[in-house]
Amino acid sequence: MSENPAHITWGKCLQIIRENTSEQSYKTWFEPIKPFKLDGAKLTIQVPSQFFYEWLEENYVQLLRKSLDFAIGRNGLLEYSIIVDSGNRTQNKPPIAVNMTNTKTSSKLPPAPDPQERTVRSPFDLRSLQNNLESYLNPNYTFDNYIEGDCNRLARAASFAVAQKPSVTSFNPLMIYGGVGLGKTHVVQAIGNYIKNRMSDKFVLYVSSEKFTNQFINAIRENNLQDFMSFYMQVDILIMDDVQFLSGKQKTQETFFHIFNHLYQSGKQIVMTSDRPPRELDGMEDRLLSRFKWGLTADLQTPDYETRIAIIQKKLQNEGIHIEYEVIEYLAHSIDSNIRELEGVIISLIAQASLTRKDIDLNLAKSTLKHTISEADREVTIDTIIDAIAETYDVRIPDLKGKSRLRSIVLPRQVAMYLAKNLTNLSLKSIGYHFGGRDHSTVIHAIHTINDLMDTDRDLKDKVTRLMKRFTK
Ligand code: ADP
Ligand code: MG
């Protein structure tokens with residue numbers, strides 16, 4: 001391969017280019033180029049798209065000239081061969097001859113679209129037949145409504161910085177990742193809303209990767225890939241939700257890659273979310289993954305107890321509902337998985353209360369929780385564990401939660417704590433809360449005791465194993 005004269009000549013060109021351009025530009029605009037053939041003093045290079053060719057011509061023509069001078073000499077000519085990127089097949093267009101001696105120094109591509117142009121519709125989406133370019137943002141997702149906690153501090157701060165100064169910070173692209181229901185969509189839409197409300201000249205676009213994929217497929221089917229591309233290329237702030245959805249979709253990724261590069265090079269902001277860290281995005285092309293590293297990656301964790309309390313209070317306040325603190329505390333100690341679930345319980349609690357005309361009290365909270373969590377998602381809750389222990393050991397629930405030091409109560413209580421630790425995500429503090437407000441050291445002690453006892457006590461071991469099985473089947 002490297003014996004090929006075109007490769008050797010292009011290799012020489014790249015030496016000059018590499019010395020005279022940034023690492024990022026080099027990777028974006030020169031690495032994808034393939035030397036095609038050398039015919040006398042004429043070098044033909046293959047570029048991935050028409051857009052690519054135009055971009056090189058507009059921005060790097062001097063540099064290319066310089067590199068040709070070095071590699072071939074003053075008489076060197078450059079010819080482009082464009083791989084047509086519409087449709088699934090790639091085919092070579094007849095080469096476009098470019099007279100490199102006539103080094104035009106035109107302004108940068110793309111021209112800033114003027115206001116009229118901004119109302120260009122995307123032809124593949126009927127909903128955009130409105131006066132303004134639709135951003136697809138939910139106005140309720142704002143920073144004001146987004147509770148800050150240890151679990152989201154960096155992600156929120158970075159998002160806010162981007163919202164205030166899109167494409168000026170080094171957080172470009174900004175990548176937010178985290179599990180389901182932890183607030184990814186909310187925080188990235190907050191960026192969009194913030195910008196949209198303050199910088200009306202910016203075209204913000206929120207799109208899920210799934211929708212992007214469908215639009216792309218339709219564009220190919222209906223033969224308007226060009227429109228699709230030019231629509232995305234006029235975006236100022238592109239918010240792409242759930243990029244993990246692009247995994248394994250090679251063509252869609254490639255297209256996203258081009259849009260990404262174009263926007264990035266034109267100083268536009270890109271924000272993305274993913275349900276896992278970039279390095280774990282299987283089926284994602286390396287060149288796309290490496291782009292994600294240019295900016296900042298911030299994760300969202302499951303919210304801690306204090307943040308859960310604050311979120312519940314905020315939701316209730318938004319609904320104009322007041323409930324006793326003990327109920328809020330109970331909810332925060334009982335739902336540990338994600339914020340969407342927390343919201344779900346609050347919503348059904350409010351619905352229950354208004355249907356039955358009852359106040360929202362601890363009992364209503366308990367029964368609502370039982371129905372929304374344990375049955376819908378078949379999750380193990382602390383109450384189902386306590387019920388099972390009471391039944392197995394034939395003890396009363398108030399005793400399990402009470403102060404009794406009788407061995408016949410203490411052992412079942414410790415087993416219950418042990419199961420709670422192993423079967424739920426609850427913190428030691430929250431487990432202690434459910435057993436009459438015991439502190440976390442008591443819970444640790446219980447877990448150690450059961451662990452030790454199971455080494456020697458066969459009966460206990462069998463019992464605990466059976467209980468565990470009952471919950472994990
Ligand atoms: P994801 O996109 O990560 O699955 P969402 O952004 O859809 O999660 O969040 C799920 C729900 O939880 C949304 O209704 C959102 O408003 C709410 N939520 C998430 N994080 C917070 C937060 N920090 N403060 C307030 N509400 C939040
Ligand atoms: Mg989401």
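In the predicted model, ring pairs join Phe203, Phe212, Phe216, Phe228, Phe231, Tyr232, Phe256, Phe260, Tyr264, Phe292 and Trp294 into a cluster. A search of the whole structure returns 17 aromatic pairs. One of them is formed by Phe203 and Phe231, whose ring centres are 5.9 Å apart and whose planes meet at 65°, so that the pair is classed as edge-to-face, the term used for planes over 60 degrees apart. Because Phe203 lies in the loop between α6 (184-198) and β6 (204-208), while Phe231 belongs to helix α8 (residues 225-233), this pair ties together parts that are 28 residues apart in sequence. Phe203 and Phe231 are both buried.

A further aromatic pair, that of Phe260 and Phe292, is tilted, with 6.4 Å from centre to centre and 40° between the planes. Here Phe260 is found in helix α9 (residues 250-265) and Phe292 in helix α10 (residues 286-292), so the pair ties together parts that are 32 residues apart in sequence. Phe260 is buried, its relative accessible area being 0%, and Phe292, at 1% relative accessibility, likewise counts as buried.

In soluble globular proteins, nonpolar side chains tend to be buried together. The largest nonpolar core of this model comprises 59 residues, and those with the most contacts inside it are Phe212, Phe228, Tyr232, Leu238, Phe256, Met272 and Phe292. When residues up to four places away in sequence are not counted, Met272 touches Pro173, Leu174, Met175, Ile176, Met240, Val243, Phe256, Phe260 and Phe292; Phe260 and Phe292, the partners in the tilted pair, are thus among the residues that Met272 touches.

Lys211 is placed over the face of Tyr136, at 3.6 Å from the ring centre, and Arg287 is placed over the face of Phe257, at 4.1 Å from the ring centre.

Elsewhere in the chain, strand β1 (residues 34-39) and strand β2 (residues 42-47) run antiparallel and are joined by five bridges. Within this pairing, Lys34 stands opposite Gln46 in β2. The hairpin formed by β1 and β2 has two residues between the strands, and in this hairpin Gly40 adopts a positive phi near 60°.

Notes: Residues numbered from 1 in each chain as written. Chains lettered and ligands numbered in written order. Predicted model: local features only at pLDDT ≥ 70, side-chain atom pairs only at ≥ 80, totals over all residues. Heavy atoms only, no water. Pairing = 2+ DSSP bridges. Helix = DSSP H or I, 4+ residues; strand = E, 2+ residues; numbered from the N terminus. Core = buried A, V, L, I, M, F, W, Y, C linked by side-chain atoms within 4.5 Å. Buried < 20%, exposed > 50% of the residue type's maximum accessible area, 1.4 Å probe, protein only. Contact = heavy atoms within 4.5 Å. Phe/Tyr/Trp six-rings, centres within 6.5 Å; stacked < 30°, edge-to-face > 60°. Lys NZ or Arg CZ within 6 Å of the ring centre and 35° of its normal.
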